[in-house]
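Let's walk through this one together, starting with the overall build of a chain and moving on to where two chains meet. Have the model open as you read.

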Amino acid sequence: MEKKNYTVSIYTENNLGLLSRIAAIFLKRHINIESITASPSEVTEVMRFTIIVEVTEDQIKKIIGQLEKQIEVIRAFYHTDEETIYQETALYKIKSDEFLDDHNIQDFIKETNARIVTVTKSFFVIEKTGKRSEVDQLYETLKPYGLMQFVRSGTIAVTKNEMPISGILEKFNTTNSI
Amino acid sequence: MEEVKTASFGKVTTKETTTVSGAEAVIKCLLEEGVDTIYGYPGGAIMPVYDELFKYQDKVHHVLTRHEQGATHAAQGYARVSGKVGVAVATSGPGATNLVTGIADAQIDSTPMVCITGQVGSHLLGSDAFQETDIVGISTPITKWNYQITKAEEIPEVMAKAFYIARSGRPGPVLIDITKDAQFASLEFSYKKCSGIRSYKPVPDLKMDEVENAAEVINNAKKPLIVFGQGVILGGAESLLKEVVEKAGIPAAWTILGLSALPTDHPLNVGMVGMHGNYAPNILTNECDVLIAIGMRFDDRVTGNLDHYAKQAKVIHFEIDPAEVNKNVKADYPVLGDVKETLQALLNLLKPNNHTEWHNRFKELYKKEYEKVISHNLDLSAPEIHMAEVIKEINNFSNGDAVIVSDVGQHQMKACRYGKFNKTRSNVTSGGLGTMGFALPAAIGAKMGAPERDVVAVIGDGGYQMTIQELGTIFQTKVPVKIVILNNGFLGMVRQWQQLFFDKRYASTEMVNPDFVTIAKGYHIKTNRVTERSELKDAVKEMMESDEAYFLEVKVEQEENVFPMIPTGAAVSDILLE
């Protein structure tokens, strides 16, 4: 079976230690996590992990099963790139003199819809949000000018179809209320 | 006792609370959960709890094992025979890390267990304090759930959750780590049993269409085979299994942990599947047209090479844990849910049947196994005693009513292959993890969990020495367990593999053993040693009739092998008889 990029969305309770429990599931199967982010979700007090892995569909199905088995995981979903709208953010720190000497850089920024976040005497910080390939492309473009620092976020994604977490929680509340 | 009035939704409710220490709250939680026996070992960070155990000693029987690993295995043995949650207690640091093997064992064998560990004071967390270890981090991959309590007021709710999680759905171990300051601090104690957690669905809903599809496939099957596992026992569905087997006339085989869910002398019980299982069910796994898996997880020791496992068969999988479906073997017809509900629903839809010809195939192949293997294992003219003879002798005196606790290795396979079981929850062994040293402490727990039953621990000379210190626990508690050491002077299973696959290079498998009888005598346990076949019967009789703990060493043939055998990487149908 062919390996693909999958976006795993995990809705969880906000509990200390859950991150290592989730990470251990991937580690045990020797699967490398390409990126991981944790954030609040659309439901109050429910956390959402977004994890990108490159695996086969058979593998990802088993991973989802193991994730959902965890007590504090409400639901886990997996999606292909085609089924999601996804973005990454990157920050590029560049020396000011380089930037001022070469007007090309300003053109790159405009062309790629990047944004200048901070300007000081000694450095500039540029921010770019987009797909991985766009972020990478800007990296290659800026590299010759001497990148002082570079950092890229994990992928965040929303899915085209629904992930009915509120419904699941409501159902629990109605069946378990006294 | 004080009364606290709380207003909620305009109504005044009265809730009784008592001010207690965190440590006392722990004991009160145990009592609320109906716990009367726990296993453990004291130490610095758990001392407040032990101080309360002293005060509550008439209500909670604390068994002092000689090592924390022994506490976990004893708790497991207790849980396995009684169906109740086993409880083990230890201090922080080494006390906690010594629990790890037992926790991993309980996780892979789905044994309900709650482990309580003391932890250094919360102000010291992360400072590498004396006996500080990150037991929550360490136990994360081997627990169903774990949690660190740093505030006394968390204790009732967390403990309630711990017991609920350990016993519900597919059971498993839970570890609760409690900082010493949380044990000392006081709280208003009130207890409410946990009845649900919103992110946790222990039992999938029964889907009638899944059961109907399965019933139709079974009703149309010509050569159906049932393979049942421990799920039947954990789900309390033993009598339903029997009814299903009898109504549809389907031969039923078991995994090592499924053993005793169906009496071993039931006419449709066709024996054990897997690496050292019986010949017929292994061969016929690759001939059946419908394979009905019930509460089992297709472990690699059961399936052999998956590429050649039951490929011709439609697979029906009755399972409570959705993650087990399609994990190893693709299920054509999964039936998710509580096996008690799904088997009941199935039973109503099954047509009475009688697969006589198909069943005869099992009988024919059994004859072959009998000639090639079993008759030799029970050959009373052989120069030395065989392990199987000893098991048969135990059967003769137990009539199949004893609990047999086995360790790991050759003797374990023999105990499971030759043990006679009439009652459920009678076979206690470390199946998934294969933990040598499991049996002696597990037998202590088993006897306490089923005091009215005979408990016989069958152990090899290797595994015995891994937890031999628990003889001290037996001596101190006077728990009347029967211990049989099958001494072949080797780590027999590894030696067998060395013989078969490593050209007889017996690397570190020969044991130079102490005088086991003298050691047991040192603990004032009744002892006997058998070296000749002629002494065996009387020795087993004396042991089985003893009201006290009893130690019996039997010198068995040194280089006996366990057959049949599916070599690693081979198909189940390529099982070897010699």
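In this predicted model, buried residues account for 25% of the 178 residues in chain A. As for secondary structure, chain A comes to six helices and nine strands.

What about its dimensions? A compact globule of 178 residues would come out near 16 Å in radius of gyration, but chain A has 20 Å. The C-alpha trace of chain A spans about 70 × 40 × 30 Å along its principal axes. Contacts in chain A reach well along the sequence: among those between residues at least 6 apart, 76% join residues at least 24 apart.

Now for the meeting of the chains. Chain A puts 18 residues into the contact, and chain B puts in 17 residues. Here are the elements of chain A that each give two or more residues to the side touching chain B:

| Element of chain A | Residues |
|---|---|
| β1 | 4–13 |
| α1 | 18–28 |
| α2 | 57–69 |
| β4 | 73–80 |
| α6 | 165–176 |

What sort of residues make up that side of chain A? They divide into six nonpolar, six polar and six charged.

Over in chain B, have a look at helix α17, residues 410–418.

Methods:
Residues numbered from 1 in each chain as written. Chains lettered and ligands numbered in written order. Predicted model: local features only at pLDDT ≥ 70, side-chain atom pairs only at ≥ 80, totals over all residues. Contact = placed C-beta atoms within 7 Å. Helix = DSSP H or I, 4+ residues; strand = E, 2+ residues; numbered from the N terminus. Nonpolar A, V, L, I, M, F, W, Y, C, P; charged D, E, K, R; others polar. Buried ≥ 20, exposed ≤ 12 C-beta atoms within 10 Å, placed from the backbone. Rg over C-alpha atoms; globule rule 2.2 N^0.38 Å.
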